[in-house]
Amino acid sequence: MIKVNEYFSGNVKSIAVQNSDGEQTVGVMKAGEYKFSTSKKEFMFVTSGQMDVKLPGESEFKSFSNHGSFVVEANQSFDVIVKEDTIYICRYE
């Protein structure tokens, strides 16, 4: 089944699917600042655009753009500053 998710007053939207590779989403974030929380381990891949991310336990933001990726463990939160509208893929474990 395909599931549509919407967050932050529609500024972040994703389409979720579960298949033989597990649960994944493809999404879009409008430029802005967001705080996300995880319930599962997340593998984030930026496919287009740019975002600055402050990962759990880090004191500074790191920049991720085309083909950049990062991992956030389960039950954590992280801050994101999206510099331009950005497309991402997220895989969950």
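Reader: Which residues does Asn 11 touch, not counting residues up to four places away in sequence?
Author: This is a predicted model, in which local features need pLDDT of at least 70 and side-chain atom pairs count only at pLDDT 80 or more, while totals for chains, interfaces and linings use all residues. Residues are numbered from 1 along each chain as its sequence is written, and side-chain values use heavy atoms, with hydrogens and water left out. With contact taken as heavy atoms within 4.5 Å, and not counting residues up to four places away in sequence, Asn 11 touches Val 28, Met 29, Lys 30 and Tyr 34.

Reader: What is the relative accessibility of Asn 11?
Author: Asn 11 is placed in the loop between strand 1 and strand 2, where strands (E, at least two residues), like helices (H or I, at least four), are DSSP runs numbered from the N terminus. Buried means under 20% relative accessible area, exposed over 50% and partly exposed in between, using a 1.4 Å probe and protein chains only. Asn 11 counts as partly exposed because its relative accessibility is 33%.

Reader: Which residue in the hairpin of strand 1 and strand 2 takes a positive phi?
Author: Strand 1 and strand 2 pair in the antiparallel sense over 5 bridges, where pairing requires that DSSP finds at least two bridges between two strands, and Glu 6 has Lys 13 in strand 2 as its bridge partner. The hairpin has 4 residues between these strands, and the residue in question is partly exposed, with a relative accessible area of 35%. The positive phi, near 50 degrees in a residue other than glycine, belongs to Phe 8.

Reader: Which residue of strand 3 stands opposite Ser 14?
Author: Strand 2 and strand 3 run antiparallel and are joined by 8 bridges, and a hairpin of 2 residues connects them. Within strand 3, the residue opposite Ser 14 is Gly 27.

Reader: Which residue of strand 8 is the bridge partner of Met 29?
Author: Strand 3 also pairs with strand 8, in the antiparallel sense and over 6 bridges. In strand 8, the partner of Met 29 is Thr 86.

Reader: Which backbone oxygen does the side chain of Thr 86 reach, and at what distance?
Author: Thr 86 is buried because its relative accessible area is 1%, and its contacts include Gly 27, Val 46 and Met 51. A polar contact is a pair of N or O atoms within 3.5 Å, of which, within protein, one must be able to donate a hydrogen and the other to accept it, residues adjacent in sequence counting only if both atoms are side-chain atoms. The side chain of Thr 86 reaches the backbone oxygen of Glu 84 at 2.6 Å.

Reader: How far apart in space are Met 51 and Asn 75, C-alpha to C-alpha?
Author: Met 51, in strand 5, is buried with a relative accessible area of 0%, and among the residues it touches are Phe 64, Phe 70 and Thr 86. Asn 75 lies in the loop between strand 7 and strand 8, is exposed with a relative accessible area of 62%, and has a positive phi of about 60 degrees although it is not a glycine. Met 51 and Asn 75 are 24 residues apart in sequence, and their C-alpha separation in space is 21 Å.

Reader: Which strand gives the most residues to the lining of the largest pocket?
Author: On a 1 Å grid over the protein atoms alone, a pocket is an open set of points where a 1.4 Å probe fits, with protein on both sides within 12 Å along at least five of seven lines, and lining residues have an atom within 4 Å of a point. The lining has 23 residues, of which Asn 5, Tyr 7, Thr 25, Glu 42 and Tyr 92 lie nearest the centre of the largest pocket. Elements giving two or more residues include strand 1, strand 5 and strand 8, but the most, 5 residues, come from strand 2.
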